[in-house]
Amino acid sequence: MSATHSHDLMIRIIGLRKTYELGGENRVHALAGVDLEVTNGSYIAIMGPSGSGKSTMLNLLGCLDRPTSGAYFLGDEDVARMSDDQLSEVRGRRIGFIFQSYNLIAQLTVLENIQVPLFYQGKDLRQYHEHCEKMADLVGLSDRLHHRPNQLSGGQQQRVAIARSLVNDPLMILADEPTGNLDSKTGKEVLDIISELNRQGKTIVLVTHDDKVAARAHRIIHMKDGLIDREVVNRPAPTSRPSTRGPGTGALSAATVQPLNP
Ligand SMILES: Nc1ncnc2c1ncn2[C@@H]1O[C@H](COP(=O)(O)OP(=O)(O)OP(=O)(O)O)[C@@H](O)[C@H]1O
Ligand SMILES: [Mg+2]
């Protein structure tokens with residue numbers, strides 16, 4: 001057993017399985033019984049061949065989907081047993097998502113895209129105007145608030161997605177190939193923002209095919225055939241959530257991410 005206290009854990013999964021039934025005898029064991037513990041404030045990279053279960057894992061961690069069996073504790077909450085409504089409540093309150101294809105809404109402006117998670121939480125958007133502008137500022141987009149996604153570069157679109165992922169002040173950010181569509185310089189800028197968020201205490205779980213991207217994480221989990229095949233520790237993860245820090249020197253140096261307070 002590890003010596004980690006359960007209150008230091010962001011994620012604890014035990015025997016997690018996801019089976020897709022394709023009719024008849026045909027089924028895919030996308031996750032075949034995964035055990036994993038992730039401490040608060042760690043930065044985890046998930047790697048592995050196509051089809052090994054990385055996105056399935058991220059979707060389950062993000063409460064976008066439910067396991068076929070097994071346990072999943074997010075902090076102290078047993079999410080594997082929750083109803084759909086409870087899942088979406090946990091998702092809205094604790095988790096931010098960044099996807100390879102940005103997943104922005106084409107008809108909405110930058111500012112409106114950043115507001116989307118608040119809208120789904122039923123918040124009064126007028127009260128959060130300044131907060132959302134601040135999130136845009138954090139990712140260097142204050143001068144693009146009223147642009148639409150097709151008027152932005154790929155890197156700018158991904159920064160909108162990062163601002164959107166931060167708007168609920170989540171404890172954990174999940175990223176599926178966040179630099180997959182970006183050139184290496186723009187990708188590095190996006191990764192610098194993600195690293196800075198981790199330094200500020202956010203737990204990060206990031207799926208990537210790129211060794212250089214994974215090298216930023218504390219731990220690299222290699223998946224194969226729906227299981228964790230092996231794990232590489234790059235550097236020690238913090239043992240507990242770091243306290244709030246002052247302005248840093250990297251990306252996001254203008255301000256630290258503020259909790260929601262209207
Ligand atoms: N909705 C679904 N129905 C049936 N099978 C699925 C479904 N989603 C995923 N699978 C299967 O589950 C396995 C794991 O898929 P997953 O998307 O997690 O892989 P991945 O590791 O993210 O791959 P990639 O690197 O290509 O993104 C694959 O064999 C895939 O075909
Ligand atoms: Mg995938």
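1. In this predicted model, the shell around ligand 1 is made up, by class, of 3 nonpolar, 7 polar and 1 charged residues. The residues in question are Tyr20, Val28, Ala30, Gly48, Ser50, Gly51, Ser52, Gly53, Lys54, Ser55 and Thr56. Two elements, E2 and helix H1 (54-61), each give two or more residues to this shell, and H1 gives the most, with 3 residues.

2. The strand E2 that takes part in the ligand shell also belongs to an open sheet of 4 strands, whose order is E2-E1-E4-E5 and whose pairing is antiparallel. Strand E2 (27-39) and strand E5 (77-78) each have a single partner strand and stand at the edges, so one side of each is left without a neighbour in the sheet.

3. Within that sheet, strand E1 (residues 9-21) runs antiparallel to E2 and is joined to it by 10 bridges. Two of the pairs can be located by residue: arginine 12 has glutamate 37 of E2 as its bridge partner, while threonine 19 has histidine 29 of E2. The hairpin of E1 and E2 has 5 residues between the strands, and in it glycine 23 takes a positive phi near 95°. E1 is also joined to strand E4 (residues 69-74), again in an antiparallel sense, by 5 bridges, and here arginine 17 stands opposite serine 69 of E4.

4. A further open sheet is formed by 6 strands in the order E6-E7-E8-E3-E9-E10, with mixed pairing. Its edges are strand E6 (95-99) and strand E10 (227-233), each of which has a single partner strand, so that one side of each is left without a neighbour in the sheet. Neighbouring strands of this sheet are turned by 20° against each other on average, if direction is ignored.

5. Turning to the helix pairs, the axes of helix H3 (residues 110-120) and helix H5 (residues 154-166) come within 7 Å and cross at roughly 35°, in a right-handed crossing. The contact is made on the H3 side by Val110, Asn113, Ile114, Val116 and Pro117, and on the H5 side by Val160, Ala163 and Arg164. These residues divide into 6 nonpolar, 1 polar and 1 charged.

6. H3 also packs with helix H4 (residues 129-138), at an angle of about 110° and with the axes 9 Å apart, which makes H3 roughly perpendicular to H4. The crossing of H3 and H4 is right-handed. Val110, Leu111, Ile114 and Gln115 of H3 meet Cys132, Glu133, Met135 and Ala136 of H4, and the residues of this contact divide into 6 nonpolar, 1 polar and 1 charged. Val110 and Ile114 of H3 are listed both in the contact with H5 and in the contact with H4.

How values were computed
Residues numbered from 1 in each chain as written. Chains lettered and ligands numbered in written order. Predicted model: local features only at pLDDT ≥ 70, side-chain atom pairs only at ≥ 80, totals over all residues. Pairing = 2+ DSSP bridges. Near = placed C-beta within 6 Å. Nonpolar A, V, L, I, M, F, W, Y, C, P; charged D, E, K, R; others polar. Axes fitted to C-alpha atoms, helices over the stretch in contact; angles between N-to-C directions. Left-handed = near helix turned anticlockwise from the far one by under 90°. Contact = placed C-beta atoms within 7 Å. Parallel < 35°, antiparallel > 145°, perpendicular 65-115°, else oblique.
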